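Have the sequence and the 3D view open as you read, and take the points in order.

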Amino acid sequence: MENSKTSRRNFLRASGLTSFGLALGVTGFARDAALKKITPAILRLEINPFIIIDTAGGITLVNPRPDMGQGSTQAVPSLLAEELEVDLAKVKIVQSDGQGKYGSQTSGGSSSVRELWEPIRKAGAAAKEMLIEAGAKKWGVPVSECTAEDGKVLHKASGKSLTYGELADDASRLEIPKNPRLKEPKDFRIIGKYNKRLDVPERVTGKAVYGIDVDVPGMVYASILHSPGIHSRIVSIDDSETKKIKGVLQVIRTERTMPHTTSEAVAVVATNWWAALKGKKALQVQWDSTANGQLVDTAAYVSQMHEAAKKNGINFEEKGDFTARYATAAQKLEANYETPFLAHAPIEPENAIAHVKEDGSVEIWAPVQGPDWTIRDVSGYLKVKPEQVKINVALLGGAFGRKAYHDFVLEACHLSKAVKKPVKVIWTREDDISQGPYRPGMLSHMQGFVEDGKITGYHHHAIGESIVGQVFKGLKEDEADPWLSEEISTGNNKYEFGSASKISYTHVKTDIPIVWWRSVYASNFGWGQECFIDELAALAGKDPLQARKDILSDERFRKVLDTLAEKAGWDEKLPQGSGKGLAVFKSFNSISACCITVSKKDTGVKIDKVVSVIDCGYYVNPDNVKAQTEGNIVMGLTAAIKDGITFSNGACDQSNFHQYNLLRLNETPKIEVHIVDSGSAPGGVGEPGLPPIAPALGNAIFAATGKRLRKLPFDIQRLG
């Protein structure tokens with residue numbers, strides 16, 4: 001832990017390697033990813049292998065995607081084990097350390113399998129071919145007579161076999177095949193099959209070590225009193241009672257650095273977490289919330305969005321002259337659909353240990369989604385070289401996008417630099433919910449018209465704060481948010497609206513910190529899109545399912561909807577007072593649709609059942625696909641019917657789970673998840689199941705009650 005640069009000896013020790021053998025690195029993460037061989041000489045200088053087969057037969061994979069519960073520690077090694085013809089349990093995983101040689105290392109955007117599908121399989125297939133060739137040469141037989149099975153190379157004609165370990169050294173002297181042959185899907189033994197997740201036993205028995213469990217020698221603890229307002233300034237600090245608490249070492253004026261601003265804060269540093277937390281509660285700090293002008297207020301922000309809806313936005317894409325066609329349309333509709341700010345609320349709050357050392361190097365221990373991004377942010381913040389920053393990625397106890405935002409890591413760095421010791425910062429639940437960052441609240445201003453019983457005109461005007469603008473500072477004043485192409489462009493949703501459609505955008509800024517939340521804008525804009533399609537279907541006098549199929553030309557969408565109709569019994573009549581609603585949305589290259597059934601109950605409705613269908617192309621483990629989709633359903637229902645985040649007078653109105661409720665087990669309806677095997681390129685799994693949930697529920701409520709809801713969240717107990 002003391003060395004900032006991993007030595008060969010330390011790497012071998014950390015990875016459990018007993019001796020060097022065959023090691024392959026992957027350059028790039030595209031279909032044409034290049035492989036390179038790692039030799040002992042190179043290994044001394046640069047530790048960058050992805051796959052190592054040592055002479056004792058051990059197989060090590062450097063996993064570049066941190067696991068926050070989504071299953072990357074099973075999915076990624078499964079790709080390798082499949083091609084190497086070994087059991088999954090034989091692949092040892094070492095987490096990458098964030099250095100650029102490993103390429104992109106951020107778990108996010110449902111990208112792990114999508115981006116690693118080809119490169120890791122290609123590396124496994126190349127290693128297998130090299131081992132087979134080494135075996136054939138040793139025996140003096142044609143390569144075509146040899147096969148690989150269960151970690152061995154076999155020559156069935158003679159009955160001879162050699163383990164991978166016995167062949168690793170010879171294989172390392174061979175040329176890497178440029179185009180190793182990948183297995184045909186029909187031959188998969190692991191991919192696409194139900195396999196147990198090997199990490200589950202440790203998680204459920206409490207043996208798993210999460211970031212919040214990590215300790216390092218000599219560290220101290222810090223609890224931080226954050227600014228109640230985004231721009232509040234400290235007027236005075238009275239720490240007299242805090243310093244009386246046993247274990248409290250220092251009270252330090254500190255800061256919280258976010259991508260768009262820095263806010264003031266006060267940290268209590270102590271020998272233990274309890275003393276630090278108790279010391280924070282004893283602090284008396286006076287804040288000036290008006291120091292920087294207008295107070296942040298969600299009501300004002302929402303009002304600005306509704307005002308923007310009355311004006312033209314910046315065109316993102318347009319087909320035909322929608323405005324002219326809409327003006328003369330005989331059957332047309334216009335509506336606003338609103339979504340609130342939401343907290344991520346991972347089970348494990350944010351935490352990090354930082355040690356800023358005298359020699360300028362920095363070592364971090366933290367549960368972060370992107371170790372490469374962490375190094376970038378830490379090196380920029382402390383003004384040190386990226387290679388001076390070492391990150392030890394811990395297991396994440398949930399994240400949903402939150403732990404790719406590194407304010408809590410920078411706080412630990414700031415404090416460690418001040419006290420010259422390793423400092424462990426732990427956020428409380430109150431910090432997590434009241435400080436953000438959040439999913440941005442957004443508005444969808446929808447316009448559309450129908451002709452001859454078909455939806456032929458459609459305009460989605462997306463309005464609100466931009467992640468590209470606030471987090472990346474990458475949005476020009478005259479530019480529409482480019483992420484709309486991933487969410488609501490007609491190229492993504494595959495709806496064909498005759499000759500009149502338009503996507504536009506208006507940037508309404510806020511200082512409320514925002515970042516991506518599970519499924520990013522798809523959770524915002526899917527609500528407007530799929531409810532409004534239902535409204536237009538009703539205007540056209542069409543069944544909602546048929547109305548969608550009338551304007552969909554993509555066969556994958558059609559198959560998903562047909563499967564949903566079959567599994568959910570779409571055409572079956574329901575008792576009086578019940579209703580079904582559906583929605584379909586494509587995100588992260590996967591198509592997901594769901595049907596929700598509700599029934600009237602007292603002044604509201606009861607959610608009876610959710611049926612979800614997903615086409616994510618090739619997938620690794622169907623059980624994980626279903627588990628992720630089930631999680632999406634629960635989170636999507638929570639976003640629809642539980643509390644949002646609001647700000648009044650500059651501060652967040654919610655502080656803990658008593659004000660920010662999540663769906664409980666006894667509120668969770670029956671759930672079915674079905675997978676469509678399309679044989680397409682792998683799509684995402686961790687997020688695509690969420691966007692259709694809220695609109696399907698809204699549409700079901702309309703079907704059961706005739707009430708059209710356009711603002712999230714809503715109370716299903718009292719629909720008015």
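1. A word on terms before the first point: an axis here is a line fitted to C-alpha atoms, for helices over the stretch in contact, and angles run from 0 to 180 degrees between N-to-C directions. Please also keep in mind that this is a predicted model.

2. Start with two helices, α19 (residues 622–641) and α20 (residues 693–705). Their axes come within 8 Å of each other and cross at roughly 60 degrees. Therefore α19 counts as oblique to α20. As for handedness, the crossing of α19 and α20 is right-handed.

3. Which residues make the contact between α19 and α20? On the α19 side they are Asn-632, Ile-633, Gly-636, Leu-637, Ala-640 and Ile-641, while α20 brings Ile-693, Ala-694 and Leu-697. Sorted by type, the residues of this contact are 7 nonpolar, 2 polar and no charged.

4. Now look at the largest nonpolar core, which has 106 residues. Those with the most contacts inside this core are Ile-596, Ile-607, Leu-637, Ile-645, Leu-697 and Phe-714. Helix α16 (residues 522–540) gives the most to the core, with 9 residues. As background, nonpolar side chains tend to be buried together in soluble globular proteins.

5. Setting aside neighbours within four places in sequence, Leu-637 touches Ile-596, Ile-607, Val-610, Lys-642, Leu-663, Pro-669, Ile-693 and Leu-697.

6. Is Tyr-660 buried or exposed? Tyr-660 sits in the loop between β27 (651–652) and β28 (670–675), and it counts as buried because its relative accessibility is 4%, where buried means under 20%. Apart from neighbours within four places in sequence, its contacts are Leu-342, Ala-343, Ala-345, Ile-433, Asp-643, Gly-644 and Ile-645. For a sense of scale, the C-alpha atoms of Tyr-660 and Gly-135 are separated by 61 Å, and these residues are 525 residues apart along the chain.

7. Finally, visit Thr-261, in the loop between β11 (248–257) and β12 (262–270). At 16% relative accessibility, Thr-261 counts as buried. Beyond its neighbours within four places in sequence, Thr-261 is in contact with Ile-230, His-231 and Arg-256.

Technical notes. Residues numbered from 1 in each chain as written. Predicted model: local features only at pLDDT ≥ 70, side-chain atom pairs only at ≥ 80, totals over all residues. Heavy atoms only, no water. Helix = DSSP H or I, 4+ residues; strand = E, 2+ residues; numbered from the N terminus. Parallel < 35°, antiparallel > 145°, perpendicular 65-115°, else oblique. Left-handed = near helix turned anticlockwise from the far one by under 90°. Contact = heavy atoms within 4.5 Å. Nonpolar A, V, L, I, M, F, W, Y, C, P; charged D, E, K, R; others polar. Core = buried A, V, L, I, M, F, W, Y, C linked by side-chain atoms within 4.5 Å. Buried < 20%, exposed > 50% of the residue type's maximum accessible area, 1.4 Å probe, protein only.
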